[in-house]
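Subject: A structure for you to look through

Dear colleague,

I am handing over a structure that I would like you to read alongside the notes below. Please keep it open while you go through them.

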Amino acid sequence: MSACFFGVSNRMKKPIISGNTIKVPSDQVFLPDVDNFLESALREYGAGDSVIADIAISVSELVNNAMMHGNKASPDKMVSVTVSLNKNAATITVSDEGDGFLPETIDDPLADENLMKEVGRGIFIVRSLMDKVVIDATAKGTSVSVTKAI
Amino acid sequence: MKLTDHEQNGIVILEPRGKIMGGPDASLLHDKLYECIESDKKRIVIDLARVDWMNSTGLGILISSYTTLRNNEGELKLANVTEKIHSLLTITKLVTVFESFDSVDEAIGSFK
């Protein structure tokens with residue numbers, strides 16, 4: 001009875017939008033919700049297609065990491081994405097509820113021995129596309145803030 | 001992401017549309033590619049003209065498909081790579097791995 005109740009509860013989880021923040025359960029099915037929220041905010045602010053794509057690619061990498069590595073795909077743990085727009089730049093902060101995931105420990109994706117690996121490029125792509133990346137990993141979760149001039 | 005496909009001269013052309021960002025949408029492309037390989041259709045062109053962007057999940061699918069096809073005497077070629085995706089292939093050095101062409105016809109013509 002209780003297992004059934006919790007199963008239904010998990011399936012009913014949906015994105016929660018509050019101001020400039022969207023929170024989604026750790027399920028990749030919600031990636032388009034985050035993308036739509038982000039693109040809408042950036043477009044409203046007047047950002048161009050190329051910048052929007054760079055930010056959207058980077059945030060999708062961070063949200064994937066937060067869901068799969070940070071929260072370990074637990075549907076009870078949420079990922080939050082906050083968009084802050086100021087004069088000339090957008091800063092997006094992605095936070096999970098995991099144990100503190102450190103992306104720096106990943107192998108160099110450009111090394112010959114890693115070039116044909118199917119995974120391990122996410123944070124490298126983020127660092128390449130964004131102007132600034134700040135990672136704050138604690139035992140209560142990881143927050144990654146990325147900034148891009150727009 | 002949406003995905004359509006058709007055949008021309010015995011070559012499968014896959015046409016994904018939208019954004020390849022992971023999750024169920026990305027599985028569509030992955031599953032279709034492996035369905036082709038299992039059906040012994042091993043000459044494949046991915047037409048990227050209508051893909052807005054992809055992230056590392058999309059790149060991972062391309063690499064997996066390329067490797068699987070090569071190991072089974074098949075070939076994967078890319079057509080109409082957009083500026084955004086080309087930039088991603090360049091910064092990840094994968095531009096040195098994939099053969100890409102300006103049109104689907106050119107890609108088809110390149111198969112021996």
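How many bridges join E2(A) to strand E3 (residues 78-85) of chain A, and do they run parallel or antiparallel? Five bridges join these two strands, and the strands run antiparallel. Before going further, please note that this is a predicted model, in which local features need pLDDT of at least 70 and side-chain atom pairs count only at pLDDT 80 or more, while totals for chains, interfaces and linings use all residues. Residues are numbered from 1 along each chain as its sequence is written, and chains are lettered from A and ligands numbered from 1 in the order in which they are written.

Chain A and its sheet

The secondary structure of chain A comes to four helices and six strands, where helices (H or I, at least four residues) and strands (E, at least two) are DSSP runs numbered from the N terminus. Read from the N terminus on, the order of these elements is α-β-β-α-α-β-β-α-β-β. The six strands of the open sheet lie in the order E1-E2-E3-E4-E6-E5 (chain A), with antiparallel pairing; two strands are said to pair if DSSP finds at least two bridges between them. Strand E1 (16-18) and E5 of chain A are the edge strands, since each pairs on one side only. As background, strands of a sheet pair through backbone hydrogen bonds, either parallel or antiparallel.

Going through some of the pairs, E1(A) is joined by three bridges to strand E2 (residues 21-25) of chain A, and the two run antiparallel, with A:Ile22 in E2(A) as the bridge partner of A:Ile17. These two strands form a hairpin with two residues between them, and A:Gly19 in the turn has a positive phi of about 60 degrees.

What is buried

Of the 150 residues of chain A, 37% count as buried, a residue being buried if 20 or more other C-beta atoms lie within 10 Å of its own, exposed if 12 or fewer, and partly exposed in between, with C-beta atoms placed from the backbone. In helix H4 (residues 122-129) of chain A, the buried residues include A:Gly122, A:Ile123 and A:Leu129. Seen down the axis of H4(A), the buried residues fall within an arc of 155 degrees, so they line one face of the helix; the arc is that of the directions from the helix axis to the C-beta atoms. Among the elements that cover them are helix H3 (49-70) of chain A and helix H2 (56-71) of chain B.

The largest nonpolar core has 65 residues, and those with the most contacts inside it include A:Leu38, A:Val59 and B:Ile44. Such a core is a set of buried Ala, Val, Leu, Ile, Met, Phe, Trp, Tyr and Cys residues joined through C-beta atoms within 7 Å. H3(A) gives the most to this core, with ten residues.

Where the chains meet

The contact takes 20 residues from chain B and 20 residues from chain A, two residues being in contact if their C-beta atoms, placed from the backbone, lie within 7 Å. On the side of chain B that touches chain A, the largest share, seven residues, comes from H2(B).

B:Gly22 lies in the loop between strand E2 (11-20) and helix H1 (24-38) of chain B, and it counts as buried because it has 25 C-beta neighbours inside 10 Å. Leaving aside neighbours within four places in sequence, the contacts of B:Gly22 include A:Gln28, A:Leu31 and B:Asn55.

Two residues of chain B to check

Most residues other than glycine have a negative phi. B:Asp40, however, has a positive phi near 65 degrees; B:Asp40 sits in the loop between H1 and strand E3 (43-47) of chain B and is exposed, with 8 other C-beta atoms within 10 Å. B:Glu73 has a positive phi of about 60 degrees although it is not a glycine, and its place is in the loop between H2 and strand E5 (75-79) of chain B.

With best wishes
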